[in-house]
Amino acid sequence: MAVQNHARDAQNLLRSRLCNPSFVFKALSGSPDSNYSKLKFILSSSVTEACNNSLLLLGPRGSGKTAVLELVLNDLLEEYPDMISVIRLNGLLHNDDNCAFKEISRQLCVEHHLLFSKMASFDDNSQFLIAMLRECGLAHKTIVFVLEEFDLFAQGKQRLLYSLLDAMQSITSQAAVIGISCRLDADQLLEKRVRSRFSHRKLLFLPPSTEIIERLLQHILLLPMDSTLPNDYATQFNTKLESVLADERFKEILKNYLSSSSTINHLLRFLFVAVSSIDVKSGYPSLDNFKTALSSFRRQPKQECIKDCSILELYILACIRRLESKEQKSYNFNSVMKEYKSIHDQFQTSDDYARNVCLRAFERLLQRDLICFSDNRGQGQSVEFRPVKCLISHFELQEGIKAYRSCPVSCFLHYGFCYSGISLLAGVS
Amino acid sequence: MPSLAVSRSVEESLTPQKRRLRSNSTAAPETPISAPTKRKSPRRCLESSPSSHPTVSTRNDSIGPVSNSSKSLAEELSEDFSKKLNWNPSDASQVSAVKEALHVSTSPPTIVCREEEQRRVFDFCKACVEKEQSGSLYVCGCPGTGKSLSMEKVSNQLIKWARDGGFEPPEVLSINCTALTSSSQIFGKIVDNGYVKVKTSGTIAPLQHLQNVYSQKQQSSSSKMLLIIVDELDYLITKDRAVLHDLFMLTTLPFSRCILIGIANAIDLADRFLPKLQSLNCKPLVVTYRAYSKDQILRILQERLMVLPHVVFHPQALELCARKVAAASGDMRKALSVCRSAVEVLEAEVRDSTNNMDSDTQGNSVVKIDHMAAALSKAFRTPVIDTIQSLPQHQQIILCSAVKFFRGGKKDTIVGELNKSYVETCKSRMIPPVGISEFLSMCRVLNDQARQSRGDDKLKRVTLTVDEADINFALQGVRFFRNCLQ
């Protein structure tokens with residue numbers, strides 16, 4: 001009983017760690033070569049030496065750009081209190097120049113306890129920004145502009161980017177502009193004037209190497225000795241976990257999982273599912289947790305749907321495939337029925353059902369979203385006449401039929417028939 | 001020229017406050033180098049007249065008899081190299097002084113390599129002020145060639161000259177057109193700043209008001225000339241080009257008293273957008289700022305580094321930087337930024353070596369060619385190859401199958417076809433392919449990284465945005481992909 005409670009507490013602790021990005025990325029901030037230290041060096045030099053800097057953080061989604069930036073900003077705010085103010089803008093929200101300037105003024109007002117008026121015009125806001133930059137420059141306060149989704153700011157006339165980067169060229173301001181984007185060619189999107197004012201510093205957030213992943217796993221999953229959990233439980237948990245991590249099969253599973261996407265966010269999701277599937281009764285992690293996590297990520301929902309279909313529904317799907325292979329782009333229930341009849345006339349199978357039964361099967365396929373109507377127009381028409389399209393690819397259908405529990409060979413062969421073109425024996429079922 | 005020395009001192013008094021504050025702050029230690037006069041170059045000191053600024057004498061005399069202006073630049077530089085003190089890169093104040101000297105926002109005491117263009121603009125403005133006539137001028141050139149900087153200097157020069165020569169110094173108004181919400185606001189700005197006397201209330205449009213004022217003889221004959229500097233002129237281009245026309249036409253009105261200087265990037269803006277002015281015989285004078293050549297960039301960099309008492313850069317490193325930037329774009333900002341990042345590369349190296357207790361590299365390091373080469377490659381290279389090599393395996397397979405698919409000359413395809421090609425590639429190499437939903441999410445990731453552009457539905461089109469050669473080069477190290485791509 002006690003073990004179960006401990007296991008639950010351990011699960012909660014690990015899950016809360018996995019959901020906390022600053023905890024996760026603190027492990028990666030140690031080495032001097034990491035993006036964390038480079039970013040910290042640039043920002044601290046612009047705070048202490050009062051030189052203006054601009055840089056871009058680039059990397060695929062979920063690789064930790066915002067998390068590392070937040071870590072660096074928190075550390076700098078602790079080191080130099082009252083010397084930094086941070087203005088955050090997002091390309092999805094503040095795409096329009098007017099909106100962006102208003103947001104900058106509002107955040108500056110909040111930061112410095114001034115009154116913000118919603119009626120201020122674009123002109124007023126830009127004058128306010130220039131005046132604030134000058135004041136903060138004289139007072140040695142650095143303003144850090146964080147622009148998320150930087151590539152969205154580079155649409156249109158790029159006025160906001162021009163004003164910000166131009167302000168960095170003047171001697172009176174003390175500011176840093178940091179752009180975060182998932183597009184790796186974000187600086188090619190800038191206009192030539194804006195690009196000339198941008199100092200071409202880029203920090204790439206590439207997917208982590210295997211040593212870094214191992215270090216990360218140990219940092220996150222090993223229980224700390226000084227937590228509320230009793231020492232002997234924690235040590236046993238850790239030894240079991242380390243034996244799992246050192247297992248060759250675990251390394252295979254991890255490599256298999258990371259071969260499709262290797263960002264840190266992806267890895268954290270995998271670990272979360274694995275931690276959640278720890279068996280509370282036994283109380284300790286095992287290799288099976290990771291195996292279930294992998295299989296839950298490799299599910300094929302449409303193929304599983306095929307497993308639940310009836311044989312008639314499989315026939316209808318096979319007929320639809322045959323129609324597609326005959327280059328018939330649009331088809332409805334009537335054309336499918338014609339094809340179905342032609343198969344039965346040709347091969348005399350025993351799966352000949354009446355039309356209304358087939359219509360019921362067709363409607364069930366519609367409900368399960370394996371096929372759908374291809375336009376929204378004919379609402380008044382009956383189901384038989386509206387054109388449909390198939391939502392499942394032929395690979396998935398083929399795999400699904402192969403895995404079907406008791407598929408009649410005729411259905412399988414009819415399906416294969418449209419691709420191989422061999423004549424087949426009639427009446428086999 | 002005495003006016004240059006005087007203008008420099010005025011400029012010093014305009015912005016001394018930041019310098020003083022900075023040297024008084026507790027963050028940076030006080031050294032003789034961070035005195036307010038650090039921006040003066042020793043060559044200037046020797047050439048200036050006896051009435052120069054008294055703070056010149058407090059300058060550190062460790063420079064010695066370096067600058068005899070009859071010697072050539074290369075000889076001077078090599079002399080400087082041998083006579084100057086060595087730079088200690090681990091001293092933070094010296095590093096910050098270097099970075100400050102190289103920062104884009106630090107405006108140099110004089111602007112070298114632009115004397116010819118500045119002289120032309122200055123002569124034009126002088127003529128306008130002397131004859132009390134209006135005129136228009138168009139300055140064009142690539143970004144980073146010193147246009148806005150020169151115009152500031154010229155306007156200061158003009159004011160000094162007018163004051164000395166007994167003329168009425170003109171009022172200067174600088175407008176940057178990116179700050180305008182609509183292009184016709186520019187006239188409002190000209191009127192609002194009070195330079196044009198507003199006699200009536202604001203019921204008529206600013207443009208009309210200006211046109212009225214300039215069409216009638218002024219009562220007071222001693223009203224000031226107005227020098228309007230309009231930056232980023234192409235923001236005023238509208239579909240019917242009315243605003244641009246009206247602005248330049250203001251200078252053609254009979255009693256107009258404004259000198260208009262427009263700055264933009266396009267060389268033929270005057271021809272393309274202001275054809276009417278040609279027929280009125282008042283086409284603006286065009287001054288082109290060509291992109292900097294290698295020698296010019298080198299000279300400007302050396303001029304900036306003259307203010308420092310130490311040797312920071314190996315002369316060949318500077319030459320490499322100048323050559324590369326001149327070949328690429330001739331943009332001065334880029335050259336300065338590359339030099340700064342070279343200093344940072346050196347700083348990082350020194351820090352690593354002090355961590356490793358390596359004592360023989362200390363105290364003797366300047367920025368050498370390899371530092372500069374590293375900084376140049378960081379600035380000029382695109383991260384395409386690196387990112388392709390760092391992609392997970394299945395995404396690389398998708399890129400390979402896309403390359404093979406598009407080799408036949410097709411430009412784009414649907415996601416379903418790409419999936420088929422991907423599965424075939426996987427099957428031929430005995431790798432289990434991933435399912436369709438994972439395939440779609442991988443395509444979405446590649447789309448976000450701008451490697452492929454696609455839509456969301458299975459039937460949307462997909463095209464490859466990365467060059468095939470890049471993919472070939474990036475993946476050639478792995479035998480699997482080499483076989484795939486054949």
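## About the model

The model is predicted, so local features need pLDDT of at least 70 and side-chain atom pairs count only at pLDDT 80 or more, while totals for chains, interfaces and linings use all residues. Residues are numbered from 1 along each chain as its sequence is written, chains are lettered from A in the order in which they are written, and side-chain values use heavy atoms, with hydrogens and water left out.

## Salt bridges between the chains

Side chains of opposite charge can pair when their charged atoms come close. A search of the whole structure finds 31 salt bridges over all chains, a salt bridge being a side-chain nitrogen of Lys or Arg within 4 Å of a carboxyl oxygen of Asp or Glu. One of them joins Arg193(A) to Asp234(B), with the closest N and O atoms 2.8 Å apart; this pair crosses between chains, from helix 9 (residues 192-197) of chain A to the loop between strand 4 (226-231) and helix 10 (242-249) of chain B. Helices (H or I, at least four residues) and strands (E, at least two) are DSSP runs, numbered from the N terminus.

Arg193(A) counts as buried because its relative accessibility is 5%, whereas Asp234(B), at 26%, counts as partly exposed; here buried means under 20% relative accessible area, exposed over 50%, and partly exposed in between (1.4 Å probe, protein chains only). Arg197(A) forms a salt bridge with Glu232(B), where the closest N and O atoms are 3.9 Å apart, and both of these residues are buried.

## An enclosed strand in chain B

Strand 2 (residues 135-141) of chain B is largely enclosed by the rest of the structure, because 7 of its 7 residues are buried. Both of its faces are covered, with Leu137(B) and Val139(B) among the buried residues on one side and Tyr138(B) and Cys140(B) among those on the other.

Strand 2 of chain B runs parallel to strand 5 (residues 258-264) of chain B, to which 6 bridges join it, and Leu137(B) stands opposite Ile261(B) in strand 5. Strand 2 also runs parallel to strand 6 (residues 285-289) of chain B, through 5 bridges, and Gly141(B) stands opposite Tyr289(B) there. Two strands pair if DSSP finds at least two bridges between them.

## A residue on the surface

Asp370(B) lies in helix 16 (residues 369-380) of chain B, and Asp370(B) counts as exposed because its relative accessibility is 52%.
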